[in-house]
Amino acid sequence: MKCDYCDLLERNDGILYQDSEVVIAVKETALTPGQITIFTKEHFTILEMIPDEILAKCATVANKVGIAVFESLGAQGTNVIIQNGIPAGQKIPHGALEIIPRREKDNLPLQWKPQQLMDEEMDTAYLTIKQEADKLVDIGKRQEKKQVVIKPEKGKIEAEEGKENYLLKSLKRMP
Ligand SMILES: [Zn+2]
């Protein structure tokens, strides 16, 4: 059985925009008028399964949709919500972003009260996440380096291509 988002797509129901990667849709049920759902064209169950470049595109699209909602519906704010995994309230097993237009006193119960946690719990969580975050800094650095190769100056592209050709030629020469 198809998931609800793949089904929407197949029936072309409430689809505002789609390209080869991203879909913008309006669902039958919404928290506030003008709520917009952004999901990937390909079925990915959770956010972590979405390839980086498609996820980045979803974020850019979400931002543009947010601007449209501010300008066309006169929203005074937006909530951008991702329910990732069943414990986080995800009902449809297809990663998505919800843009919820907000107005002052719209009575939407999206506020929550922070709870006082044990210091020990907080410290352990902090240290664990800090270790993981340090690894992310490395990933960021690697991506920066990669970008230099992807978008080099003109002279550099030729140098890179030359190098690649040279490598290919030497590979071909190998018995
Ligand atoms: Zn799906």
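I began with β1 and β2, which pair in the antiparallel sense over three bridges; strands pair if DSSP finds at least two bridges between them. My model is a predicted one, where local features need pLDDT of at least 70, side-chain atom pairs count only at pLDDT 80 or more, and totals for chains, interfaces and linings use all residues. I number residues from 1 along each chain as its sequence is written. For elements I use DSSP runs numbered from the N terminus: helices are H or I with at least four residues, strands are E with at least two.

**Entry: the sheet**

Ile15 faces Ala25 of β2 across the pairing. On I went to β2 and β3, also antiparallel, with four bridges; there Ala25 has Thr37 in β3 as its bridge partner.

I then checked β4 and β5, which run antiparallel and are joined by five bridges. Asn79 stands opposite Ile100 in β5.

In what order do the five strands lie? I read β1-β2-β3-β5-β4, an open sheet with antiparallel pairing. β1 (15-18) and β4 (77-81) are the edge strands, each pairing on one side only. From one strand to the next, the twist averages 20 degrees, taken from axes that are lines fitted to C-alpha atoms (for helices over the stretch in contact), with angles from 0 to 180 degrees between N-to-C directions.

**Entry: helix α1**

I find Tyr5, Leu8 and Leu9 buried in α1. Buried means 20 or more other C-beta atoms within 10 Å of the residue's own, exposed means 12 or fewer, and partly exposed lies in between, with C-beta atoms placed from the backbone. Why do the buried residues line one face of the helix? Down the axis of α1 they fall within an arc of 95 degrees, so they share that face; the arc is that of the directions from the helix axis to the C-beta atoms. Glu10 and Arg11 are exposed on the other side of α1. I noted β1, β2, β3 and β5 among what covers the buried residues of α1.

**Entry: the core**

I looked up the largest nonpolar core, and it has 18 residues; Ile38, Ala62, Val65 and Ile99 have the most contacts inside it. Such a core is a set of buried Ala, Val, Leu, Ile, Met, Phe, Trp, Tyr and Cys residues joined through C-beta atoms within 7 Å. The largest share, five residues, comes from α2.

Notes: Contact = placed C-beta atoms within 7 Å.
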